[in-house]
Amino acid sequence: MTAKTNGIFRTFLLAGAASVAVLAGACSAQAQDLQKVKIGVGGSNFLNLTYYYVLLPGPLGYWKEEGYDVEVFPVSGSAEAAQQLAINNLDFAEMNASAIIQANTEQKLPIQAIITNGTIGWGLSVARDGPIKTVADLKGKSIGVVSLSSGGIPLLNSFLKTNGLDPENDVTLISTGVGAQAISAFNSGQVDALMYWGTATVGFRNAGLELETLSDPAWKGFPDFTFSTGKSVVEKDPAMVEGIARGMAKAMVFAAANPDCARKLQWKHYPDTRPTGMDEDQAAANDLSLISVILSEQAAAAELNGNGQVAGASVPAFGTYQDFLFDAGVLTSKVEPAQLVAGDDAFRERINNFDKAAIEAQAKACDFPG
């Protein structure tokens, strides 16, 4: 979930038969014996280091060990990801927790959270020395969002409402995509603010934008980007859900133990995601500044689990977030919080059932020839 300048961002388009997938599984003849799995990532058309939890399990062999050959696709937004899950075009999807909740309460789609990758780091960024100092100052202004199906829109709407603005009439939302497109829209005055996730904001600053970011302090305690699937998938193939999630959990531990090794592997296996237009040291520094944000959010999400597990989704946290969205008028109804989360405590224990110390040692050694 990041932003970059021209040349740093390259587009991975998902468009029918001509789609370009980011391969996160083994591509050898042996992969033919592995069960194929598709994962969509909502909210970005560019999958870089900040998506290590779905990009690195393949090269590290974690998913192959579980018996799966995984493809990871970018999807325009969280709402689109939910729709693709609903019609079985995807087995899993990364999406905002708000989109999971809305799918259940508003569209009656039984989508469930498996692993919360981080707490909410979204913010409404404005020019540091500009005329907008408070949310109220946005009345009559335009706000850039990654897409009009972005999972951040419910969060934005609640923020506007609690600050006395009508999201339908007081502001205009404009799709500004990621990277250079969003930066250009802000610099040209097409939009007065940018509503993006934490690493995107870091990326904007890396690209030279001088920003102040407005956010609700309550957001820090809410789940955000979350690995999810349909309830029917959990019921039909719980072993697959468990295996895929465990592979992700291992990658999360790996990246936390050695972020720079994660960067090196990312650049090696997905060279097109390496920042360009700068020397290697600056490119590495930029990527490490981005992954540090995600790792911080990942640690905060682990605290929500309440049991020391790196990977999981908290029923109480989803319930609290649902209450927040309902009270803000974003939701018209609520469901039992347990319906929003896949599996039970035993299921989450199995996801985290691996040798964490061995993964950390593997990361710290970072011995990957080639």
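## Basis of the description

Helices (H or I, at least four residues) and strands (E, at least two) are DSSP runs, numbered from the N terminus. The model is predicted: local features need pLDDT of at least 70, side-chain atom pairs count only at pLDDT 80 or more, and totals for chains, interfaces and linings use all residues. Residues are numbered from 1 along each chain as its sequence is written, and side-chain values use heavy atoms, with hydrogens and water left out.

Most residues other than glycine have a negative phi. C366, in the segment that follows α14 (356–365), is not a glycine, yet its phi is positive at about 50°. With a relative accessible area of 24%, C366 is partly exposed (buried means under 20%, exposed over 50%, partly exposed in between; 1.4 Å probe, protein chains only).

N88 also is not a glycine and has a positive phi, of about 65°. N88 sits in the loop between α3 (78–86) and β4 (92–96), and counts as exposed because its relative accessibility is 59%.

## Second largest pocket

A pocket is an open set of points on a 1 Å grid over the protein atoms alone, where a 1.4 Å probe fits, with protein on both sides within 12 Å along at least five of seven lines; lining residues have an atom within 4 Å of a point. The lining of the second largest pocket has 19 residues, and I120, G121, G198, K220 and E297 lie nearest the centre. The elements giving two or more residues to this lining are α7 (198–206) and α11 (280–305).
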